[in-house]
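Let's take a look at this protein together, starting with its charged pairs and then moving on to one of its sheets.

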Amino acid sequence: MKKIIVTGGLGFIGSNLIDLLIRKNFFVINVDKVSYSSNFYNLKDLKTSNKYKFIKCNIGDSKFKNILFKYKPICIFNLAAETHVDRSIDSPDNFVRTNINGTFNFLESLRLLRKKKIFPKLIHISTDEVYGDIKLGKRSDENHKYEPSSPYSATKASADHLVKSYIRTYKLKAVISNCCNNYGPYQFPEKLIPKIISNILNNKEIPIYAKGKNSREWIYVGDHCDALLKVFNKGKVGEFYNIGSNKNLNNLQVSKELITTAKKIFKLGKKVKILFVKDRPGHDVRYALNSNKIKKKLGWYPKTNFKQGIRL
């Protein structure tokens, strides 16, 4: 059985990806340092699976290269990262340590692996936020310059550049993907959509930054995982692939859609209403991806629209 390593596999996207890979009959080694956003519940059904193994490890630790040497995976999906923008504003040092230093140590482990004549394919998962604020009517393709606005996006941009440099300098067998905002099962409740849902269920106000006009492109996590599998199977080494739905909603529209959907299921509490709060520093107005490349080159298309996805 072919072996794949997923780093950060106890997180939101990682756990959904592991589910998919096991359904595709891969043996998956989940490497996760177990942070605040890790959740063993996400993969509780795999405890007794003969296709799954969990190893607690930080990708920046020396132990990580031993895991690589032992399992000799055909592919590594790197999702290990600090991801929440608000946390990056409060504690940027954590993001530098994990997203930059951790990625560097991770890449060094892969470089040592090459000396042992082991050449796994690396899929490095990044974000649309590295492109920065995108003007209305425009969408950023893979050649768009990087203009990160927050410590989070800046550290992810740095990690992308590190991976790209190792591809060129050390002939690392790697591909970089940049995805838009995900939503779906297992998402940590600090993120916008699960936070809104939680507040609706608990009869609380829904806080929205500024006037709620900040626009994001949204993709169902299952569609993202399908795209990552396509990148693994067909993606060309050294290439970047944007992964998006081509559908934008601003935060106010997201909130209203979730409230409307909830009303069809149960009676809402009296405190459920939108509350506009002070905007956060450096808040980009709009992210929007041009994902034509992955559609044309790899034949991937998103399947789930937003109204369907929030019910899944």
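A salt bridge here is a side-chain nitrogen of Lys or Arg within 4 Å of a carboxyl oxygen of Asp or Glu. Keep in mind that this is a predicted model. By that definition, the whole structure holds eight salt bridges, including these:

| Pair | Closest N and O atoms |
|---|---|
| Lys-33 and Glu-82 | 3.5 Å |
| Arg-139 and Glu-217 | 3.1 Å |
| Lys-145 and Glu-147 | 3.7 Å |

Take Lys-33 and Glu-82 to begin with. They link distant parts of the chain, 49 residues apart: Lys-33 is in the loop between strands E2 and E3, and Glu-82 is in the loop between strand E4 and helix H3. Lys-33 is partly exposed at 29% relative accessible area, while Glu-82 is buried at 12%.

Now for Arg-139 and Glu-217. Arg-139 sits in the loop between strand E5 and helix H5 and Glu-217 in strand E9, so this pair ties together parts 78 residues apart in sequence. Arg-139 counts as partly exposed, with 27% relative accessibility, but Glu-217 is buried at 0%.

Strand E9 leads us to the sheet. What is the order of its three strands? It goes E7-E9-E11, in an open sheet with mixed pairing. E7 and E11 stand at the edges with a single partner strand each, so one side of each has no neighbour in the sheet. E9 and E11 run antiparallel and are joined by three bridges, and Glu-217 stands opposite Asn-248 in E11. Finally, helix H7 lies across E7 and E9, at about 70 degrees to E9.

Terms used: Residues are numbered from 1 along each chain as its sequence is written. This is a predicted model: local features need pLDDT of at least 70, side-chain atom pairs count only at pLDDT 80 or more; totals for chains, interfaces and linings use all residues. Side-chain values use heavy atoms; hydrogens and water are left out. Two strands pair if DSSP finds at least two bridges between them. Helices (H or I, at least four residues) and strands (E, at least two) are DSSP runs, numbered from the N terminus. Contact means heavy atoms within 4.5 Å. Axes are lines fitted to C-alpha atoms, for helices over the stretch in contact, and angles run from 0 to 180 degrees between N-to-C directions. Buried means under 20% relative accessible area, exposed over 50%, partly exposed in between (1.4 Å probe, protein chains only).
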